[in-house]
Amino acid sequence: MADIDRLPPAVQRALRPFLADDSPRVAVFDADGTLWRGDVGEDLLRYLGVARALPAVAEGAFARYEALHAERPVDAYAWAVEAMAGLAEVQLCSLCDDFFTRRFAGRVFPWVRPLFGVLETAGVAVWICSASPRWIVEAGGRALGLPVERVIGVDAEVEGGALTARVKRPVTAGPGKVAWLEQRARAWGFAAGNGALDVDMLERARHRLVVTPFDGVDNALVTRARRDGWPVLQT
């Protein structure tokens, strides 16, 4: 498959054996720092706060998110969705499409779209599983040509067309990613991520790609990858 030759060497090293064996024809990707540079969930929360689009009870939401993230990251990911309770889902979806197009479409790593093209040609179902809010990750998925049915993010119950503060558990981080993927995608042969909370997801795959964090600091996942010989892509 000639298009594979155009991908970075680390991506080729992870991809070729996956396409050559009998692994489940499913590939799952973390989003922030793996498919694009930056954290789309954090930037969305910051934007909603500045635009005064959040309910009054969520005033100072980003500051609270940062404080919570420093101690309990998974709880912070849930809070980012809880803070949006009361927003109309239709309006949020439209806002997220516009926000991603303006702020993040240009941050998608250059190898991502060619890789997705290779996987699609090979009959591989591509999934995204992220700890960012579902609606903004779905916007990113649409920009990359994925159906929303194959995008998983932190979710909440919707009532009367508006988001509630009832976040669906488990949160899609660490073991929570595995729980949701086992429910939705069943099994996966390939996984890619960039952080410690992706380790569980990558351990369940036969083939793996680790993307180094954009801050250049090795984390637990990168350390594990270097120890065990998993392909590492420098961003």
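Predicted model: local features only at pLDDT ≥ 70, side-chain atom pairs only at ≥ 80, totals over all residues.
Strands of a sheet pair through backbone hydrogen bonds, either parallel or antiparallel. Three of the pairings here can be followed in detail.

S1 and S2 run parallel and are joined by four bridges. Valine 28 stands opposite tryptophan 127 in S2. On to the pair S2 and S3: three bridges link them, again in the parallel sense. Proline 133 has valine 154 in S3 as its bridge partner. Strand S2 is mostly covered, with eight of its nine residues buried.

Strand S6 (residues 190-193) and strand S7 (residues 207-211) also run parallel, joined by four bridges. Here glycine 193 faces valine 210 in S7.

## Helices on the sheet

## Helix against helix

Two packed helices are described by the angle between their axes and the distance between the axes. Two pairs are set out below.

| Helix pair | Axes come within | Crossing angle |
|---|---|---|
| H1 and H6 (residues 112-121) | 12 Å | roughly 10 degrees |
| H2 and H3 (residues 61-71) | 8 Å | roughly 145 degrees |

Take H1 and H6. Their axes cross at roughly 10 degrees, and the two helices are therefore roughly parallel to each other. Val11, Leu15, Phe18 and Leu19 of H1 make the contact with Leu115, Val118 and Leu119 of H6. By class, this contact has seven nonpolar residues, no polar and no charged.

Now H2 and H3. In H2, Glu42, Leu45 and Arg46 take part; they meet Ala61, Phe62, Tyr65 and His69 in H3. This contact divides into four nonpolar, one polar and two charged residues.

## Threonine 34

Threonine 34 sits in the loop between S1 and helix H2 (40-50). Is threonine 34 buried or exposed? Its relative accessible area is 0%, so threonine 34 is buried. A polar atom of its side chain lies 3.3 Å from the backbone nitrogen of asparagine 194.

Which residues does threonine 34 contact, leaving aside neighbours within four places in sequence? They are Phe29, Phe109, Trp111, Val112, Ala192, Gly193, Asn194 and Val211.

## Valine 74

Valine 74 is found in helix H4 (residues 73-82). With 31% relative accessibility, valine 74 counts as partly exposed. Residues up to four places away in sequence aside, valine 74 touches Val171, Ala173 and Leu197. How far apart are the C-alpha atoms of valine 74 and glycine 174? They are separated by 8.5 Å, although the two residues are 100 residues apart along the chain.

## Backbone details

One is a cis peptide bond, which joins arginine 169 and proline 170, with omega at about 0 degrees. Proline 170 lies in the loop between strand S5 (162-167) and H8.

The others are arginines. Arginine 52 is not a glycine, yet has a positive phi of about 55 degrees. The loop between H2 and H3 holds arginine 52. Its relative accessible area is 74%, so arginine 52 is exposed.

Arginine 186 has a positive phi too, near 75 degrees. Arginine 186 lies in the loop between H8 and S6. Its relative accessibility is 63%, so arginine 186 counts as exposed.

Conventions: Residues numbered from 1 in each chain as written. Heavy atoms only, no water. Pairing = 2+ DSSP bridges. Buried < 20%, exposed > 50% of the residue type's maximum accessible area, 1.4 Å probe, protein only. Polar contact = N/O pair within 3.5 Å; in protein donor to acceptor, adjacent residues only side chain to side chain. Contact = heavy atoms within 4.5 Å. Axes fitted to C-alpha atoms, helices over the stretch in contact; angles between N-to-C directions. Nonpolar A, V, L, I, M, F, W, Y, C, P; charged D, E, K, R; others polar. Parallel < 35°, antiparallel > 145°, perpendicular 65-115°, else oblique.
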